[in-house]
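Reader: Could you walk me through reading this model, feature by feature?

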Amino acid sequence: MVMTTSASVSADGQGAPAGDGTVTDRLVEANERYAAAFTDPGMDARPVQRVAVVACMDARLDLHAALGLNLGDCHTVRNAGGVVTDDVIRSLTISQRALGTRSVVLIHHTNCGMESLTEEFRHDLELEVGQRPAWAVESFRDVDQDVRQSIERVRTSPFLPHTDDVRGFVFDVKTGRLREVSPA
Ligand SMILES: [Zn+2]
């Protein structure tokens, strides 16, 4: 892949118009427009709806739009799969203990990339780079079962003081609809 700067013309022969720059350049330009119209909402850091949403990083899932959330309403914690890792527990612990959230919503989704990976991914990485990653891949086959496991990890965490309102869902990327998974 050819890296270009905002000052360079398209040199990679991929047909990107000259002057467009990299994707990051476009994001920075978009931010200039955003900031020009921005007014200080006067909020503090405590989420208004007192909820933390843990979700997959999938590009098809627009959490705020899908859940009717506004700026300042919630914490969003996202990673590959929306799985509850130690680092997600770290964020939830800070969310609850320092920033006042009380509810946790877990969102996986249909057609997740994690369904096509296995722990072999980790083994292959080790072969390639000569070092085994410290983290588990956390791939899964059964999305409902993985939601249940995530619910359980939140509910049994010794660090979280508020575990009575923890619910898990699967977001359908074709319909935009959430389906709740019973903890069972
Ligand atoms: Zn996903």
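Predicted model: local features only at pLDDT ≥ 70, side-chain atom pairs only at ≥ 80, totals over all residues.

Reader: Which residues does UniProt place in the feature "binding site"?

Author: UniProt positions follow the numbering used here, feature names are shortened, and annotations may be inferred rather than shown by experiment. Its unreviewed entry places this feature at Cys56, Asp58, His109 and Cys112. These residues span 57 residues in sequence, yet no two of their C-alpha atoms are more than 8.4 Å apart, so they gather at one spot.

Reader: Is aspartate 58 buried or exposed?

Author: A residue is buried if 20 or more other C-beta atoms, placed from the backbone, lie within 10 Å of its own, exposed if 12 or fewer, and partly exposed in between. Aspartate 58 has 21 such neighbours, so it counts as buried. Cysteine 112, with 22, counts as buried too.

Reader: And what is the strand order of the open sheet?

Author: Strands of a sheet pair through backbone hydrogen bonds, either parallel or antiparallel. Strands (E, at least two residues) are DSSP runs, numbered from the N terminus, and two of them pair if DSSP finds at least two bridges between them. Here, five strands have the order E2-E1-E3-E4-E5, with mixed pairing. E2 (74–79) and E5 (178–181) stand at the edges, each with a single partner strand, so one side of each is left without a neighbour in the sheet. E1 and E3 pair in the parallel sense over five bridges.

Note on methods: Residues numbered from 1 in each chain as written. Helix = DSSP H or I, 4+ residues; strand = E, 2+ residues; numbered from the N terminus.
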